[in-house]
Amino acid sequence: MTKKEAFSIQDLVRKNVRSLQPYSSARDEYSKTGGNMVFMDANENPFNTLVNRYPDPQQRSLKQRIAERKGVAVEQVFLGNGSDEVLDLLYRAFCEPSQDNVITLPPTYGMYKVLGGINDVEIKEVLLLPDFQPDVERILEAQTTGSKLLFICSPNNPTGNILSAEKIHTLLQKFKGLVVIDEAYADFSKNPSWIDQIANYPNLVVTQTFSKALGMAGIRLGVCYASSEIISVLNRIKPPYNVNELTQQFATERFAQLDRMQQELKTILEQRQRLVEALVPVSFIAEVYPSDANFLLIRVDDARKRYQQLLQKGIVVRNRSTQPLCENTLRITVGTPEENELLIQTLNDLIV
Ligand SMILES: *Cc1c(COP(=O)(O)O)cnc(C)c1O
């Protein structure tokens, strides 16, 4: 879909959301950082504990930093309690329960389907091709007038690969609903982020997270980038204080330590390569799939058996065998150098 074509976000938005009046919180009206005001508006405990006040519902200072770093406008950024919340809000904003549908491309991230179940929205699954790339023709055939969202995970979880940019461009042009590109693992890839394309595609939504490369899974912070029109729809339906004060402060502070994060990222990428080289020769590993993420998908002789054996040695990996195209596969997250060494030793000791 190009800018020139008539494309109305409002037409995609659920009817009840179009006319919704968002909750106006006390902190929407007056920010607590507003000078020497006395705040008697929100029934908070007045004694300072650093967290006695409600957090900024619009997360202004954190968003400002993120927007600057990514080269987008603040109005093109939405923050969620993890990107899982962002995905849920997309369903709630755009999908009419028991009427609309979304398209997913298995094998892929399991939450898209779980959220479809929670929100009573039909999931149309169009399997990836054997090379783990999207089947563009079949995706477009599966599309109906009720297809509101298309989830594209790139790099894809659990397969680890980047999805073809050319194919994604075609889908962005031809899919009539929103195309959500989940970039949870983008920092591990050299490929450019789709954030750069937001100005070109009014139906593009990109999600990223602080949980993987940035090392902050525990604070629950996800980011959504899209046109200001799409972002304003999400702002209307979000829980008022969805990103808590500790998370906002911690994430803002960690921006000052980007060097350390860069070093961690470099180590993880080196370790990923080291794992590939060590796993390929293991006799019961049939395939180590190329990865643009911080994990490797491997195909083994007997995934259940190997999973249990690793577990007995105290190593927890993920058996992905129930996913289509993933028979006898395990997904292994890149660990610290010591953890990876232990994994390599353990796998080599298992050879029987
Ligand atoms: C881990 C993961 C997420 C979840 O991110 P949170 O921000 O921690 O909720 C989203 N998408 C994919 C593909 C993931 O692997």
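**Sheet packing and cysteines in a predicted model**

Helix H4 (residues 60-70) lies across S1, strand S6 (204-209) and strand S7 (222-225), at about 125° to S1. Lying across rests on contact, meaning heavy atoms within 4.5 Å; axes are lines fitted to C-alpha atoms, for helices over the stretch in contact, with angles from 0 to 180 degrees between N-to-C directions. Helices (H or I, at least four residues) and strands (E, at least two) are DSSP runs numbered from the N terminus. The model is predicted: local features need pLDDT of at least 70, side-chain atom pairs count only at pLDDT 80 or more, and totals for chains, interfaces and linings use all residues. Residues are numbered from 1 along each chain as its sequence is written, and side-chain values use heavy atoms, with hydrogens and water left out.

Student: In what order do the seven strands form the open sheet, and which are the edge strands?

Tutor: Two strands pair if DSSP finds at least two bridges between them. The pairing is mixed, and the order is S1-S7-S6-S5-S4-S2-S3. Pairing on one side only marks the edge strands, S1 (77-80) and S3 (122-125).

Student: Which residue of S7 is the bridge partner of glutamine 208?

Tutor: S6 and S7 run antiparallel and are joined by four bridges. The partner of glutamine 208 in S7 is valine 223.

Student: Which residues of S7 are buried on its two faces?

Tutor: Buried means under 20% relative accessible area, exposed over 50%, and partly exposed in between (1.4 Å probe, protein chains only). In a regular strand, side chains alternate between the two faces of the sheet. Both faces of S7 are covered, with the buried residues being Gly222 and Cys224 on one side, and Val223 and Tyr225 on the other.

Student: Which strands does helix H9 lie across, and at what angle to S1?

Tutor: Helix H9 (residues 228-237) lies across S1, S5, S6 and S7. The angle of H9 to S1 is about 30°.
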